[in-house]
Amino acid sequence: MNKFIATTILFITLGITAPSLAQDSEVGSLKKRIEKLERLMKLQGRGSDKDTIQFQKSPLATSIGGQPQQFPAYNQRTTATGFSRFFNPAISTNGIYLGTYNSEQNGNSDAETKTGFKIQEQELIFTAMVDNYLRANLMVAFEDDEIEIEESYVDALLAAGLSLRAGKWFQTFGKHNFLHTHQFPFIDKPIVNEEIFGEEALNEVGFGLNYLAPTPWYTEFIFNVIEGANEDLFNGPLNDDFAYLFHLKNLWDLNDETTLELGGSYTFGRNSFGSPNGDTQVFGGNMTVKWIPSQRARYNQVEWQTEYIHSTKETGVTGTVDNPDEDKAGIYSYLKYQFAQNWWAQARYGFFGFEKPAGTNDKDRITGMLAYTPTEFSAIRFQYNYLDEDNAQEEHQLFLQLNYTMGSHPAHFY
C-alpha cells in the first residue's frame, strides 16, 4: 500500500513539474532569441536611442526661412555600419498634373498659357541631418525635358535664435517668391511676381543669417548675400557684383482665433542693363490676416493676403528718351475660405502697371478657384482666370490640376 501511495505521488509530481520545466526551457530559448535579435539590430544601426540618437530641443526649432526645424544631438557611439539610420535622408516627391484651356492663341504653339495637358512639375526632395550641426535639403525639379537643382542648402545653428543658411534657395522676399510650385495658393503665380522676378523667381546662390528677436510677438530678421544672377534684375558685369536682401516679418495674435502678419522686403545689386554703374532696387510690403476658429467650427477658416512689389532698374541717364530708367510695380490680393472639411473657395485680383516700362501694357487678372483637398497629401483644384491686357485680346483660361505628395514632407508654411 505504501508502495502504491509513493508511486502515485511520484507520478503526480512529475505531471506537475514537467510542464513547468518545459516552460522554463521555452522562456530561456525566447530570451536567447531576443538577445540575438538585439545584437543584430545594433549591427544594422537600429540600436536603442541611448546607443545612437538623443534628441534635444533647439532654438532652431522655431524657424529657418519660415519652416519649423528640429536638430538632434547624438553621442559619439557608433554602430558597425557607422551612425544611426536616422541620418539617412527623408525622401518625397511632389507631382503636379495640369489640364488647360485658353480662349486665345490656340494657333500659337509657343504661347505662354496654351490649351493642352502636361506635367506641370515633378519635384524630388531629400532632407536629412548631416551631423549634430547641419541640416541639408536638396530639391530637384523635372519640367518638360529639363532637370534643375531647384534648391540645395544647409542650415546651421550659430546661437540662440540665430541661424545660418548657405547654398541655393528661393529667397524670402515677400510672401510668394519663396514658395515651390506645389505650394502656390493658386495654380499660377501672381502677375507682379512674373513681371518683376521673371519665370524662375528670385532663386539665388549665397548665404544668409536668420534672427528671431526676443520680442513679445514673433519677429524675424533675414539678411542674405546672394550671387545676383537673376537676369531680370541683376546680372552685374563684374564677378563681385553681389546682391543683398533684407526681410522683416512680424506676427501678432489679435485674439485666440485671429493673427495678423506684416512684412517688408528689400533687395538691391548691380545690373548690366546699359549704365556702367547701374543698380537695381526692389522693395515690397505684405499683409496677411488669418482667422482659424475654435474646435467647434474647425472646418471653417479665412485667409486674406495682400502684397505690393516695386522695382527700379538704372539703365542709363534718368530722363533720356533713348535709355530711361525702368520702373515696375504691381499688387495682388486674395481671399481663401474653407467652408467644409475638404473644400476651399478662393478668389484673387492681380494688377500690374502702377509703374511700367514704355510700351508695356497694364495687366488685370481676376481669378476664382474651387479646391477639393481630401488630405494634406493631395488636392484637386479647378481655376478660372479672366485676363484683361490693354491693346490685347481678353483671355479666358480654365485650369484643372491634380497636386500630390508622396512620402514625408516638412510642415506647411503659416
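Is K356 buried, exposed or partly exposed? K356 is partly exposed, with a relative accessible area of 33%; buried means under 20%, exposed over 50% and partly exposed in between, using a 1.4 Å probe and protein chains only.

The model is predicted: local features need pLDDT of at least 70, side-chain atom pairs count only at pLDDT 80 or more, and totals for chains, interfaces and linings use all residues. Residues are numbered from 1 along each chain as its sequence is written, and side-chain values use heavy atoms, with hydrogens and water left out.

**Overall fold**

The protein chain has two helices and 18 strands. Helices (H or I, at least four residues) and strands (E, at least two) are DSSP runs, numbered from the N terminus. Of the 414 residues in the protein chain, 41% are buried. Contacts (heavy atoms within 4.5 Å) between residues at least 6 apart in sequence join residues at least 24 apart in 55% of cases.

**Salt bridges**

A salt bridge is a side-chain nitrogen of Lys or Arg within 4 Å of a carboxyl oxygen of Asp or Glu. The count by this rule is eleven salt bridges.

| Pair | Closest N and O atoms |
|---|---|
| E148 and K168 | 3.7 Å |
| K313 and E326 | 3.0 Å |
| K356 and D362 | 2.6 Å |

E148 in strand β6 (residues 146-159) and K168 in strand β7 (residues 162-170) are 20 residues apart, so the pair links distant parts of the chain. E148 is partly exposed, with a relative accessible area of 29%. K313 forms a salt bridge with E326. K313 lies in strand β13 (residues 301-313) and E326 in strand β14 (residues 326-340), 13 residues apart. K313 is buried at a relative accessible area of 8%. D362, the partner of K356, counts as buried at 19% relative accessibility. Salt bridges that share partners also join D188, R348 and R365 into one network.

**Loops and backbone**

The loop between α2 (191-197) and β8 (203-212) holds E199, and A201 is found in that loop as well. E199 counts as exposed because its relative accessibility is 68%, while A201 counts as buried at 12%. Phi of A201 is near 65 degrees, a positive value in a residue other than glycine. N235 also is not a glycine and has a positive phi of about 55 degrees. N235 sits in the loop between β9 (218-226) and β10 (243-253) and is partly exposed, with a relative accessible area of 36%.
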